[in-house]
Amino acid sequence: MPDPTTDELLRLARLYISEGDAERLVGWIAWRTGRNQAMAGDRPAIDRLAHALEHWLEPGQRTQLLRWLGGRLPRGLSPVPD
């Protein structure tokens with residue numbers, strides 16, 4: 001069951017992130033955690049992102065990502081660092 005931080009991250013994603021950016025974010029999380037992006041499955045991008053957030057990140061990492069995205073997405077900035 002997702003924690004409140006995962007729920008908040010997904011809420012932000014649904015509000016601000018395109019399908020392409022969601023895929024990029026899954027790829028970035030995979031790279032940062034040493035995972036293969038394909039491990040997120042063959043499903044819609046938002047569901048792949050939910051899997052990555054819930055299963056690949058530790059609680060502290062989700063909190064850091066929430067701070068990062070919360071400061072960037074409402075300003076129209078990319079969810080993935082350059």
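**Notebook: salt bridges, core and pocket**

I began with R48, which forms a salt bridge with E23; the closest N and O atoms are 3.1 Å apart. R48 sits in helix α3 and E23 in helix α2, so the pair ties together parts that are 25 residues apart in sequence. I noted that the model is predicted.

Next I looked up burial for both partners. R48 counts as buried, at 8% relative accessibility. E23 is partly exposed, with a relative accessible area of 25%.

**Other salt bridges**

How many salt bridges does a search of the whole structure find? I have four on my page.

I turned to D3. D3 forms a salt bridge with R62, and their closest N and O atoms are 3.1 Å apart. D3 lies in the segment before α1, whereas R62 belongs to helix α4, so this pair ties together parts that are 59 residues apart in sequence. D3 counts as partly exposed at 22%. R62 counts as buried at 8%.

Then I went to helix α1. The side chains of E8 and R11 meet in a salt bridge, at 2.7 Å from N to O. E8 and R11 are three residues apart in helix α1, which means that about one helical turn separates them. E8 is partly exposed, with a relative accessible area of 28%. R11 also counts as partly exposed, at 40% relative accessibility.

**T5**

I stayed in helix α1 and picked T5, which has its place there. Is T5 buried or exposed? I wrote down buried, with a relative accessible area of 18%. The cut-off for buried is under 20%, so T5 falls within it. I then listed what T5 touches, not counting residues up to four places away in sequence: R62, T63 and L66.

**Nonpolar core**

I moved on to the largest nonpolar core, which has 22 residues. Which of them touch the most other members? My list reads L25, I29, L49, L53, W56, L65 and L69. I asked which helices supply this core. α1 (4-16), α2 (19-33), α3 (45-56) and α4 (59-72) each supply at least two residues. α3 gives the most, with six residues. In soluble globular proteins, nonpolar side chains tend to be buried together.

Leaving aside neighbours within four places in sequence, L25 is in contact with I17, L49, L69, P79 and V80.

**Largest pocket**

My last entry is the largest pocket, which holds about 210 Å³ of space. What lines the largest pocket? I recorded W28, I29, R32, T33, L57, Q61, Q64, L65 and W68. α2 and α4 each supply at least two residues of this lining. I sorted the lining by residue type: five nonpolar, three polar and one charged. R32 is the charged one. T33, Q61 and Q64 are the polar ones.

I29 and L65 are among the lining residues.

Notes: Residues are numbered from 1 along each chain as its sequence is written. This is a predicted model: local features need pLDDT of at least 70, side-chain atom pairs count only at pLDDT 80 or more; totals for chains, interfaces and linings use all residues. Side-chain values use heavy atoms; hydrogens and water are left out. A nonpolar core is a set of buried Ala, Val, Leu, Ile, Met, Phe, Trp, Tyr and Cys residues joined through side-chain atoms within 4.5 Å. Buried means under 20% relative accessible area, exposed over 50%, partly exposed in between (1.4 Å probe, protein chains only). Helices (H or I, at least four residues) and strands (E, at least two) are DSSP runs, numbered from the N terminus. Contact means heavy atoms within 4.5 Å. On a 1 Å grid over the protein atoms alone, a cavity is a set of points where a 1.4 Å probe fits but cannot get out, and a pocket is an open set with protein on both sides within 12 Å along at least five of seven lines; lining residues have an atom within 4 Å of a point. Grid points are joined across faces, edges and corners, and a volume is the space filled by probe spheres set on the points.
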